[in-house]
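This report walks through the model shown below.

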Amino acid sequence: MWPEIIKELEKAEQVASSKKDGADHGVGGEEEKDAGGEKAKDGKPDGETTKKGGEDANEPPKGESDTAGQPAKKEGNEAAGQPAQQGEVFKTPEKETKKDSEKQEFIGEDLNAGDQKKKRQSKRTTHPAEPLCSPYMQRVVQIKTKTEKIEVRIAEWMFSTVDDPWVFIFETSFSTNLSRVFLESLHPNLYIHVQVLTAWSLVLNSEEVYRSKGSPARVFCPCNMLGENNFKPKLNKKTCTQNFRQNIAATLMTTGFETIRKVDMLFIPILQNKHYYIVCFDFKGEDIKIIDNMKGKAKAQKMARAKRVKEIVCDYLEVEYPIMHPKMSPLEPEIMKMSWQTEKNFVDCGVFAMRHMETHTGKHVSKKEWDSGLSKESPEQDKELVELRHKYLSKILLSDINLAKGEMMELLEKYEKMEPEKKEECKKNAEKKINDRLNKKY
């Protein structure tokens with residue numbers, strides 16, 4: 001028995017020694033050869049994926065740009081690749097001169113072309129393991145619960161008005177960059193900047209891969225998906241539909257859905273007369289809802305705007321989702337009634353819109369009445385809205401899609417090392433300072 005074991009050990013040592021010698025000479029075991037029997041360039045046969053250093057050979061080398069990797073950098077205060085402020089067509093970020101293999105793809109190019117696109121799709125459609133899709137996984141921000149320490153720290157730093165207001169603290173692989181000053185608008189009593197809702201839609205879209213099997217497949221559009229210019233009488237509907245087609249294509253690229261046919265619910269935030277509300281298309285439940293926190297505010301104007309949105313979306317469905325078109329086109333938008341709607345709150349409509357996007361899942365999911373977790377209009381509701389501002393700020397900045405999370409934490413730690421007296425000085429008149437910082441640019 002022992003002689004046999006010794007022979008096996010000696011044999012194993014010889015194999016290990018042989019592998020070591022091969023590694024020392026730059027050989028990773030057996031030579032890889034192509035169909036003709038000759039070694040392929042770089043030691044890899046055509047059409048196969050080999051690995052080096054434990055990394056996928058299809059991944060771009062470090063430091064090179066990939067559409068699913070680092071965002072395109074841009075000088076100046078304008079965020080690269082942001083949707084048009086007026087909502088016509090999402091703007092293309094300025095691009096530096098790059099090699100063909102490094103060029104990024106943007107709206108207006110062939111959405112199905114190129115190896116880079118295929119890589120991005122393969123990464124985007126990756127789904128988590130089944131345990132992570134449990135209905136018990138908490139995706140909705142909880143209110144009336146203890147505020148986490150990190151949430152307090154981030155809010156204190158954000159509303160201290162230190163640092164350059166235009167430093168990027170939220171960046172994504174979809175060329176969406178947010179400066180600090182935009183997120184400062186989450187300060188209580190301030191009107192939330194439209195770019196905050198853009199970041200929120202990206203965060204919610206990224207979390208849809210964790211939904212349970214019984215949950216609807218939801219897609220969240222940026223607020224300026226359909227901006228003011230798309231509702232001007234002189235702009236014909238065909239142009240509006242074309243704008244929407246390009247913008248929804250860009251939005252779907254930020255989700256795990258490659259086509260609108262896989263979507264159950266589509267959320268379109270609207271900014272009208274400095275007021276935010278949601279038009280929600282429930283394809284599975286076959287209804288169109290206007291979700292607004294204000295009771296009866298400009299009802300006729302909202303209905304006219306929602307009907308225009310419905311016409312544009314249905315024209316799009318006629319081509320891209322023909323089965324759904326005859327089901328949705330006869331429907332009329334309906335204004336939802338909720339117990340937490342307000343009459344006197346004119347500043348928190350953006351927070352309400354974010355909460356409505358996060359919690360609404362349609363009637364077809366459950367027979368229970370929709371509960372956003374908010375109280376009726378009262379001082380208690382005011383406290384809940386302040387709490388949500390802080391929690392949403394942390395959720396956006398700490399999201400896995402935020403590529404600037406490391407830089408953001410460095411700024412936070414730098415602030416926390418400041419002298420207490422200096423911190424208190426920064427906090428004074430924070431609301432006015434933030435307003436001034438916002439108005440300086442916009």
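## Cavities

The structure holds two cavities of 30 Å³ or more. A cavity is a set of points, on a 1 Å grid over the protein atoms alone, where a 1.4 Å probe fits but cannot get out. Grid points are joined across faces, edges and corners, and a volume is the space filled by probe spheres set on the points. The second largest cavity has a volume of about 40 Å³.

Lining residues have an atom within 4 Å of a point. For the second largest cavity they are Cys280, Asp282, Asp287, Lys289, Met336, His360, Gly362 and Lys363. Strand E7 (275-282) and strand E8 (287-291) each supply at least two residues of this lining. By class, the lining of the second largest cavity divides into two nonpolar, two polar and four charged residues. Here Ala, Val, Leu, Ile, Met, Phe, Trp, Tyr, Cys and Pro count as nonpolar, Asp, Glu, Lys and Arg as charged, and the others, Gly among them, as polar.

## Model and overall build

This is a predicted model: local features need pLDDT of at least 70, side-chain atom pairs count only at pLDDT 80 or more, and totals for chains, interfaces and linings use all residues. Residues are numbered from 1 along each chain as its sequence is written, and side-chain values use heavy atoms, with hydrogens and water left out.

The protein has 13 helices and nine strands. These are DSSP runs, numbered from the N terminus: helices are H or I with at least four residues, strands are E with at least two. Buried residues make up 47% of the 442 residues. Buried means under 20% relative accessible area, exposed over 50%, and partly exposed in between (1.4 Å probe, protein chains only). Among contacts with a separation of 6 or more, 70% join residues 24 or more positions apart. Contact means heavy atoms within 4.5 Å.

## Nonpolar cores

In soluble globular proteins, nonpolar side chains tend to be buried together. A nonpolar core is a set of buried Ala, Val, Leu, Ile, Met, Phe, Trp, Tyr and Cys residues joined through side-chain atoms within 4.5 Å. The largest one has 60 residues, and Trp157, Phe170, Leu183, Ile396 and Leu397 touch the most other members. Helix H5 (residues 194-207) gives the largest share of this core, eight residues. Another core, of 33 residues, lies apart from it and includes Leu266, Ile268, Ile290 and Cys314.

Beyond four places in sequence, Ile396 touches Phe170, Leu183, Val196, Ala199, Trp200, Val203, Met354 and Asn402. Trp157 sits in helix H3 and is buried, because its relative accessibility is 0%. The C-alpha atoms of Trp157 and Tyr415 are separated by 6.7 Å, although the residues are 258 apart along the chain.

## Buried polar and charged sites

Thr161 is found in the loop between helix H3 (149-158) and strand E3 (168-171). Its relative accessible area is 13%, so Thr161 is buried. Leaving aside neighbours within four places, Thr161 contacts Arg180, Glu184, Cys426, Ala430, Lys433, Ile434 and Arg437. Thr161 and Ile434 are 273 residues apart along the chain, yet their C-alpha atoms are separated by 6.8 Å.

Glu384 is found in helix H10 (residues 379-397). At 1% relative accessibility, Glu384 counts as buried. Its contacts outside four places in sequence are Ile143, Lys144, Gly373, Leu374 and Ser375.

## Cysteines

How many disulfides does a search of the whole structure find? The search finds zero; a disulfide is a pair of cysteine sulfur atoms within 2.5 Å. Cys221 is buried, at 0% relative accessibility. Cys426 is buried too, at 13%.

## Positive phi

Asp163 lies in the loop between H3 and E3. Its phi is near 70 degrees, a positive value in a residue other than glycine. Asp163 is partly exposed, because its relative accessible area is 27%.

Asn189 is found in the loop between helix H4 (180-184) and H5. Asn189 is not a glycine, but has a positive phi of about 75 degrees. With 54% relative accessibility, Asn189 counts as exposed.

Conventions: On a 1 Å grid over the protein atoms alone, a cavity is a set of points where a 1.4 Å probe fits but cannot get out, and a pocket is an open set with protein on both sides within 12 Å along at least five of seven lines; lining residues have an atom within 4 Å of a point.
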